[in-house]
Amino acid sequence: MLSSLGRFWHLSELGGSVSREEKIAVVEAYLRGLAGKDISKIPFAANITFEGPRVGKLIGRNAVVGFLTSILPAVKSVQIKQHIVEGDFVATVFEMETIFGVDQVCDRVHLCDGELKEIHSFYYPQPNQTTGVP
């Protein structure tokens, strides 16, 4: 996997064509990092943005990594369902099992120069068993 990511970054730096599979490999590395509770090797751009339904827009690597690090203890697994690739964007539909239940998630990721430039997360949390409220 790392050799595939290395090839992606190398092609990006040279202005080469990046395949659909190479774009997906970067997104899958991000999701595996969340599931494995280790995001240290994820190629976040310095000016990355992250936006989701329960967090305002975060700007910059430190803010995004800080937020993601704070949710890692709750993440149990990620089950990828589908990738949709268009240009430099990858939309990935997945289930994220957390200590609170299973969330249905769709992340729209913008890739630029081999790095994650923007992550916009849309998800539907599993309702609370007692109250029925997410």
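Two strands count as paired if DSSP finds at least two bridges between them. With that in hand, welcome to a set of close-up views of a predicted model.

**View 1. β4 and β5 pair in the antiparallel sense.** The pairing of these two strands extends over 10 bridges. β4 covers residues 89–98, and β5 covers 101–112.

**View 2. Six strands form an open sheet.** In what order do the strands of the sheet lie? The order is β2-β1-β6-β5-β4-β3, and the pairing is mixed. From one strand to the next, the twist averages 20°. α2 packs on this sheet, where it touches β1, β3, β4, β5 and β6. The direction of α2 makes about 165° with that of β3. Another helix, α3, lies across β1, β2, β3 and β6 and runs at about 55° to β1.

**View 3. Helix α2 spans residues 20–35.** Its 16 residues reach 23 Å from the first C-alpha to the last, close to the 22 Å expected at 1.5 Å a residue. Which residues of α2 are buried? They are E22, K23, I24, A25, V26, V27, A29, Y30, L31, G33 and L34. As a reminder for reading this view, an α-helix has 3.6 residues a turn, so residues three or four places apart point the same way.

**View 4. The largest nonpolar core has 25 residues.** Those with the most contacts inside it are Y30, L34, F44, F50, L68, L116 and I119. Two or more residues come from each of α2, β1, β2, α3, β3, β4, β5 and β6. Which element gives the most to this core? That is α2, with five residues. In soluble globular proteins, nonpolar side chains tend to be buried together.

**View 5. L116 is in contact with residues from several parts of the chain.** Leaving aside neighbours within four places in sequence, the contacts of L116 include V26 and Y30, together with I42, P43, F44, A45 and I48. V109, H110 and L111 are also in contact with L116.

**View 6. K37 and D113 have positive phi values.** Most residues other than glycine have a negative phi. K37 follows α2 and has its place in the loop between α2 and β1, with phi near 60°. D113 lies in the loop between β5 and β6, and its phi is near 55°. Is each side of this pair buried or exposed? K37 counts as partly exposed because its relative accessibility is 42%, whereas D113, at 59%, counts as exposed.

**View 7. The protein chain has three helices and six strands.** From the N terminus on, the elements run α-α-β-β-α-β-β-β-β. Of its 134 residues, 40% count as buried. The accessible surface comes to about 7,500 Å², and 55% of this belongs to carbon and sulfur atoms. Among contacts with a separation of 6 or more, 41% join residues 24 or more positions apart.

Terms used: Residues are numbered from 1 along each chain as its sequence is written. This is a predicted model: local features need pLDDT of at least 70, side-chain atom pairs count only at pLDDT 80 or more; totals for chains, interfaces and linings use all residues. Side-chain values use heavy atoms; hydrogens and water are left out. Helices (H or I, at least four residues) and strands (E, at least two) are DSSP runs, numbered from the N terminus. The expected span of a helix is 1.5 Å times one less than its number of residues. Buried means under 20% relative accessible area, exposed over 50%, partly exposed in between (1.4 Å probe, protein chains only). A nonpolar core is a set of buried Ala, Val, Leu, Ile, Met, Phe, Trp, Tyr and Cys residues joined through side-chain atoms within 4.5 Å. Contact means heavy atoms within 4.5 Å. Accessible areas come from the Shrake-Rupley method with a 1.4 Å probe; for residues, only the protein chains shown count as cover. Axes are lines fitted to C-alpha atoms, for helices over the stretch in contact, and angles run from 0 to 180 degrees between N-to-C directions.
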